[in-house]
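Visitor: I would like to go through the terms used for this model and ask what each one rests on.
Guide: Go ahead; the structure comes up here.

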Amino acid sequence: MSAPRVVSVAAASPAQRAGLRVNDELLAVDGRVPRDVIEYRLFVDEADPELEIRRGHEELTVQLRKQAGEVPGIEVSSAVFDRVRTCDNHCEFCFIYQLPKGMRRSLYLKDDDYRLSFLYGNFTTLTRFTELDLERVLTERLSPLFVSIHSTDPELRARMLRNPRGATSLRWLRALLDGGIEVHGQVVVCPGVNDGDALETTLAGLVDEYSDLATVACVPLGVSDYTTEPSMRPHTVAEGAAVIDTVELWQELCLGALGRRLVYAADEYYLLAERPFPEAPAYDGFPQHENGIGMARAFEAAFHGDVSAAHGVQPGFFSWVDGAPAAGYRALRTDGASSPWHDDGTRCEPAPVAILTGEYGAAVLGPLLRDQGPHVRLVPVHNAFFGGNIAVTGLMTGADISRVLRREPVGERYLLPDVCLSEGRFLDGMTVAELPRSVEVVPSDGYSLRLALQGGGANTAAPRPSPPVAVALGAPR
Ligand code: SF4
């Protein structure tokens, strides 16, 4: 167990009034040691909690003066204070195994922790879930959760996870649903493994046994050049189209039988098959937006001024918890940008604007920018770093962007979506400052992009930005 450190104290908050400081370590609340930020939040919910803290070599007791339900106003350094539960699977499609060596250590963390599912929307396979975990989830109402399903055929699921417990761990899914927990599922579709008839069987099994799931996302396997699994390959165009056909057929069946679609195909499938995206209402409020389901339509709506569509649905308690670290598993991404305004308040002369984006992002943005005039253009960045079928904007690296930018003229505005940055760094560890042209980092939602194109500045973001096309790296699949 490592005590969380205070990383910020809100002005005029109970914590500040009690004298808490940045770098104080939180040891206990009313004599209880919280295991994670969820417990911390529950413990400090009481009126006037007493905190035990360590400051340097000193241990102190600090009494917060606050009402029950009032937040203390501190942010701590990590979400999990004991140890993040890592996964015991060895999925052949795992993207973490497809990363080159030498990247940041945190990128190699294979977490399979229901708490991170609740806090950040990470997917869990439930292979390490226990009776005690179930009791906690039900008692503390840790809902919604996000579960990797892949197949409802026990033998196939165990084979895909390379873990015998994969055959039985969906019993926890049944228990969670029986306990009234909202659960969103996903199927990573691997061609030749769980597509075709196997996908039909899975969707039939879901409707039969787990129709109380909130949603199920079918997302394509991502293959990088670093895969060592000979059987893992990208979908062909025909295979991608077949997944769409299967999902849309099951949507019809589910609408008839359940009154809702239940299952959705990722945007990547529509891009691969060169088919139009379903209209925005067909995404039923974008509940799996962060998983690449309906991002293009949400982005389009936001770009045309529907600010609510810019928010997507933010999975996880993190969207409101006081205390959870902003930097971490799913950090807010924008950390500042250059301004299109002069210091004296006058606007800079309009300059040509180039939008850096992944190849899939370019396919989404192209039609939206047609009426923007010739000074706005797209600069697609081919992903040579990962290779394979990786074309999403969220996996652009500093090296690839540098290679492209070196060929671009100086003196233009370059807009960079923040989805490819985490704590100011690209996946390959480079920073924006190391790029060969200066760029404006823009929150990755349509509303913010429109403002940036109007010269409104990248910092004037919609309140909760959402990325255009992203893959959550590190989330168990
Ligand atoms: S895909 Fe997820 S569950 Fe499978 S090995 Fe990787 S981290 Fe673990």
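Visitor: Which residues of β12 lie on one side and which on the other, and are they buried or exposed?
Guide: This is a predicted model. In it, Arg-413, Leu-415 and Pro-417 lie on one side of β12, with Tyr-414 and Leu-416 on the other, and all are buried.

Visitor: Why is strand β12 called largely enclosed?
Guide: Buried means under 20% relative accessible area. Five of the five residues of β12, residues 413-417, are buried, so the rest of the structure largely encloses the strand.

Visitor: What makes β10 and β12 a pair?
Guide: At least two bridges are required for two strands to pair. Strand β10 (residues 353-358) and β12 have three bridges, in the parallel sense, so they pair. Ile-355 stands opposite Leu-415 of β12.

Visitor: In what sense do β12 and β13 pair, and over how many bridges?
Guide: With strand β13 (residues 440-442), β12 pairs over three bridges in the parallel sense. Leu-416 has Val-441 in β13 as its bridge partner.

Visitor: How many aromatic pairs are there?
Guide: The count is seven aromatic pairs. One of them joins Phe-123 and Phe-146.

Visitor: How do you know whether Phe-123 and Phe-146 are buried or exposed?
Guide: The cut-off for buried is under 20%. Phe-123 has a relative accessible area of 5% and is buried; Phe-146, at 4%, also counts as buried.

Visitor: What makes Tyr-283 and Phe-286 a stacked pair?
Guide: Stacked calls for planes under 30 degrees apart. Their planes are 20° apart and the centres 5.6 Å, so the pair is stacked. Both Tyr-283 and Phe-286 are buried.

Visitor: Why is Arg-32 said to lie over the face of Phe-43?
Guide: The distance limit is within 6 Å of the ring centre. Arg-32 lies over the face of Phe-43 at 4.1 Å from the ring centre. Likewise, the charged end of Arg-450 sits over the ring of Phe-303, 4.3 Å from its centre.

Technical notes: Residues are numbered from 1 along each chain as its sequence is written. This is a predicted model: local features need pLDDT of at least 70, side-chain atom pairs count only at pLDDT 80 or more; totals for chains, interfaces and linings use all residues. Side-chain values use heavy atoms; hydrogens and water are left out. Buried means under 20% relative accessible area, exposed over 50%, partly exposed in between (1.4 Å probe, protein chains only). Helices (H or I, at least four residues) and strands (E, at least two) are DSSP runs, numbered from the N terminus. Rings of Phe, Tyr and Trp (its six-membered ring) pair if their centres lie within 6.5 Å; planes under 30 degrees apart count as stacked, over 60 as edge-to-face and the rest as tilted. A charge sits over a ring if NZ of Lys or CZ of Arg is within 6 Å of the ring centre and within 35 degrees of the ring normal.
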